[in-house]
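Subject: Structure handover

Hi there,

Here is the structure I promised to pass on to you. Have a look at it first, and then read on for what turned up.

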Amino acid sequence: MTVAQTIAYNVPNIEEVKASVDAALKILQTSLRELNREIWSNPETAYQEHRAHDTICGFLENQGFTVTRHAYGLDTSFEAISGSGGRLINFNAEYDALPDIGHACGHNLITTSSMAAFLALSAILKQYGIPGRTQLLGTPAEENGGGKAKLIDVGAYKGVDVSLMAHAGPKELFPGVITDGVGGVLMNARKEIHCEFTGRSAHAGGNPWEGVNALDALVTSYNNVSVLRQQLRPDERIHCAFLDTPKVANVIPAYTKAYWQVRSPTLKGLNRLMAKVRNCIEAGALATGCEAKIIENELYTDVKINDTLCDRYQAHMAKYDRNVLKRHEKVLTGSSDIGNVSYLVPTLHTMFGITSEEGSFPHHPTFAAAAGTDYAHEEAVIVGKSLALIGWEMVTSDELFGVAQKQWRECIAE
């Protein structure tokens, strides 16, 4: 929007806009709480979020929005777009849970904050007659499955100018740092390795020399990686799950299967570490005479922090009496597919505090309990209001949007 357009549309000041955001969401406070509770109470894992999908889509349709269900070829994705003309602001809704421990990563709160932001920004763009659009995109399978990466591949983010979302965490996200949230958080790039070892079966007691032991190959590769861990950089991580192993002891196993996740703070570092892990796996096969089939997939990139978006988030959260750090330079060694989005457009992936309980951190059962509380819901709504205000500024201010774009281009060029 040019200066002339800004004058012509008589853009209100930010305090007026904040009052309108508050008013728009006050009307919806009960229904938003019910939506949050429904998702939290019925956790579903990656690409199985059918009930959450239907619940969210029904909620949006009841509010008068046109919703594309099963969007972009993903059965549990959806899309709603409101407004016309102007820039397009994307909000991401995650709603997948973890096996056995439910919403221990608080994705019900991601849906809540993004929904609140979408509803509020839609309402104020309409109220003030400002050209601009907002997109609420359902992004399934963040925990395991890379929903956003798949959505990127099929064009779901095409035309998006800015992407915004927020993730719940503890008040003490980093040791000794107690705050209501952090605007910009560095996260590791991550990639998966799926490996299968094939050997030859034989009787373990009668003629073991005829066998080629696929379990030995798997265990050797695991031990190789364990030795490699001595040489890992401080924020690098490697995890493994054995998916298929022998069920009896008296047969030399001919087949095993494992799944690895490899993490490093940068894509360059990840590529270097992936090569080392692959060598460890191949060495296990070589030592035992097995064949190894290795598949690498599901890249989650590191998150490119945008200082302008972090600054605006800090400022708007302060309006709600929340003390938020602009950013933190220590790497939060988890990973998210929002990193992939941050390579496409200026992106905010903020963290907000919902619990002070010692040891309560995402992927812990106590965090699942915290994510279902009224307090956590109220914080998510406040965060949603702040995201809506950022979206408003990105639509109405050429200057702020231009600076955010410039910072993003410089960051991805590094």
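Let me begin with a pair of helices: α3 passes α5 in a right-handed crossing. Please keep in mind throughout that this is a predicted model. Helix α3 covers residues 29-41 and helix α5 covers residues 107-128, and their axes lie 9 Å apart at an angle of about 150 degrees. Since angles over 145 degrees count as roughly antiparallel, that makes α3 roughly antiparallel to α5. On the α3 side, the residues in the contact are L32, L35, N36, I39 and W40, and they meet N108, L109, T111, T112, M115, A116 and L119 of α5. Sorted by class, this contact of α3 with α5 holds eight nonpolar and four polar residues, with no charged ones.

Next, the domains. The protein is split into domain 1, made of 14-187 + 302-413, and domain 2, which spans 189-300. How far apart are the centres of domain 1 and domain 2, taken over C-alpha atoms? They are separated by 36 Å. Across the boundary, 18 residues of domain 1 are in contact with 14 residues of domain 2. The two domains bury about 1100 Å² between them, and carbon and sulfur atoms give 44% of that area. Within domain 1, the residues that lose the most area to domain 2 are D302, T333 and S335, which together account for 44% of what that side buries.

Two further helix pairs may interest you.

Helix α7 (residues 214-228) packs with helix α8 (residues 267-288) at an angle of about 145 degrees, their axes being 8 Å apart. The crossing of α7 and α8 is right-handed. From α7, the residues D216, A217, T220, S221, N224, V225 and L228 meet L273, K276, V277, C280, I281, A283, G284, A285 and T288 in α8. The contact of α7 with α8 comprises nine nonpolar, five polar and two charged residues.

The other pair is α9 (residues 307-319) with α12 (residues 374-396), where the helices pack at about 130 degrees with axes 9 Å apart. That angle makes α9 oblique to α12. Their crossing is right-handed. Which residues make the contact between α9 and α12? On α9 they are T308, L309, R312, Y313, H316 and M317, and on α12 they are I382, V383, S386, L387, L389, I390, E393 and M394. By class, the contact of α9 with α12 has nine nonpolar, three polar and two charged residues.

Best wishes

Methods: Residues are numbered from 1 along each chain as its sequence is written. This is a predicted model: local features need pLDDT of at least 70, side-chain atom pairs count only at pLDDT 80 or more; totals for chains, interfaces and linings use all residues. Side-chain values use heavy atoms; hydrogens and water are left out. Axes are lines fitted to C-alpha atoms, for helices over the stretch in contact, and angles run from 0 to 180 degrees between N-to-C directions. Helices (H or I, at least four residues) and strands (E, at least two) are DSSP runs, numbered from the N terminus. Angles under 35 degrees count as roughly parallel, over 145 as roughly antiparallel, 65 to 115 as roughly perpendicular and the rest as oblique. A crossing is left-handed if the near helix is turned anticlockwise from the far one by less than a right angle, and right-handed if clockwise. Contact means heavy atoms within 4.5 Å. Ala, Val, Leu, Ile, Met, Phe, Trp, Tyr, Cys and Pro count as nonpolar, Asp, Glu, Lys and Arg as charged, and the others, Gly among them, as polar. Domain bounds come from an automatic or database domain assignment. Buried area is the accessible area (1.4 Å probe) that two parts lose on being put together, summed over both.
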